[in-house]
Amino acid sequence: MDLPAPLAWLLDEASGSIGPDRFLAELGERLLADGLPLAGGALTLAVPHPIIARRTWLWRAETGAVIEALGFAGALPTEDGRNWLTGLGPVEEVAIGRTPDGPVLGWAGTRPFAPAEAGQLRQAARFAAAPLAALTERAALTGLLEAYLGKRSAARVQAGALNRGTGEMIRAALLYADMRNFTALSEASEPAAMIADLDAWFDRVAGAIHAFGGEVLKFIGDGVLAIFPVTHGPAEACEAALRAVVAARAGMAHLDERRQARGLPPLPYGTALHLGDILWGNIGAVDRLDFTAIGPAVNLVSRLEGLCRPLGRSVLISGAVAAETATPLLPLGEHALRGISSPCAVFTLPDA
């Protein structure tokens, strides 16, 4: 069967697209080459995710650029794709499949589409159903893995790093934060209130970590272990970690003000920073594995956080981080850490 080039691509190759963004751009380019007067395109997929309900990719024919818009769970449904396309020109939009949350593929023209051109776009949408089903499944899997494992671990699982005992060495600035008095709080609170408190705490800390390029590796009870990988030098990673600490403290200060206005106690916590090497690997039993971080640097940063209460500080910074940053720090001397052979030079922020 002699098919037009865009339909042949949809039938034979499109399922192998790297992601929905590339699928949209490549299909748009092929439709353009086939003579259709396209100004842009939009693709919307529903995704199972604790925060995100819909993802929309927007392609502009003039530049070839693709950007993404997110629709969040609990928010009113929006028509981001259609609204964006309307700003480019006349719109032809097709819902693919019969389910209400199925993919939606839309195009904007540089002029109104002729009936035959609109028919070509509808036919392309029919041929797109099968590859979009495969892409939707992969995007859903990626979203869920990233939500529960983090981007680095999710990428490794999808790349096939599934064997127990495999891992990689990562040099990074490590951040460990732990809520204080959590046991007393949990005993005095209803389970739903306790979970809400934990979520609010994790939102502020993890949000600051992600905002400055870090990645949460683990939630450990009421604690957080995160890394800022060294990519362009340790100083950059250490500065990013320090900025995340400052941002998290500002977020928690605002949260505590709101809590106190409601007659609730603040949520005190301690944070420690260290620079070192960790093994991030696949560890566990034969039938239950976990990507986790191990090594002396992980031990040190957790022990360092344990000094926050006895030293009366909310932030403690190791000498390894202090040596790499230009941020003014206050020295607190050397301290022995449980299970660590050598004393650790300890610093803090002047107002912490």
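The buried residues of helix 9 (residues 296-305) are Ala297, Val298, Leu300, Val301, Leu304 and Glu305, where buried denotes under 20% relative accessible area, exposed over 50% and partly exposed the range in between, with a 1.4 Å probe and protein chains only. Viewed down the axis of helix 9, these buried residues fall within an arc of 165°, so they line one face of the helix; the arc is that of the directions from the helix axis to the C-beta atoms. The model is predicted: local features need pLDDT of at least 70 and side-chain atom pairs count only at pLDDT 80 or more, whereas totals for chains, interfaces and linings use all residues. Residues are numbered from 1 along each chain as its sequence is written, and side-chain values use heavy atoms, with hydrogens and water left out.

**Overall architecture**

- The chain has 11 helices and 13 strands; these are DSSP runs numbered from the N terminus, helices being H or I with at least four residues and strands E with at least two.
- The C-alpha trace spans about 75 × 50 × 45 Å along its principal axes.
- Of the 352 residues of the chain, 43% count as buried.
- Among contacts (heavy atoms within 4.5 Å) with a separation of 6 or more, 58% are between residues 24 or more positions apart.

**Surface**

- The chain exposes about 17,600 Å², of which carbon and sulfur atoms supply 56%; accessible areas come from the Shrake-Rupley method with a 1.4 Å probe, and for residues only the protein chains shown count as cover.
- Met169, Leu279, Ile283 and Ile294 make a nonpolar surface patch of about 330 Å².
- Patches are made of residues with over 30% relative accessible area and no salt bridge, like charges being joined within 9 Å and nonpolar side chains (Val, Leu, Ile, Met, Phe, Trp, Tyr) within 5 Å.
- Met169, found in strand 6 (residues 167-179), counts as exposed because its relative accessibility is 58%.

**Surroundings of Thr56**

- Thr56 is placed in strand 2 (residues 52-60) and counts as buried, at 5% relative accessibility.
- The side chains of Thr56 and Thr44 are joined by a polar contact of 2.9 Å. A polar contact is a pair of N or O atoms within 3.5 Å; within protein, one must be able to donate a hydrogen and the other to accept it, and residues adjacent in sequence count only if both atoms are side-chain atoms.
- Leaving aside neighbours within four places in sequence, Thr56 is in contact with Leu43, Thr44, Ile67, Glu68, Ala69, Asp80 and Gly81.

**Salt bridges**

- The structure holds 9 salt bridges, each defined by a side-chain nitrogen of Lys or Arg within 4 Å of a carboxyl oxygen of Asp or Glu.
- Glu68 forms a salt bridge with Arg55, with the closest N and O atoms 2.5 Å apart. Glu68 lies in strand 3 (residues 66-72) and Arg55 in strand 2, so the pair ties together parts 13 residues apart in sequence. Glu68 is partly exposed at 38% relative accessibility, and Arg55 is partly exposed at 23%.
- Glu93 forms a salt bridge with Arg82, the closest N and O atoms being 3.1 Å apart. Glu93 is in strand 4 (residues 91-95) and Arg82 in helix 3 (residues 80-86), 11 residues apart.
- Asp197 forms a salt bridge with Arg259, with 2.7 Å between the closest N and O atoms. Asp197 lies in helix 7 (residues 191-211) and Arg259 in helix 8 (residues 234-261), so the pair ties together parts 62 residues apart in sequence. Asp197 is buried at 12% relative accessible area, and Arg259 is buried at 4%.
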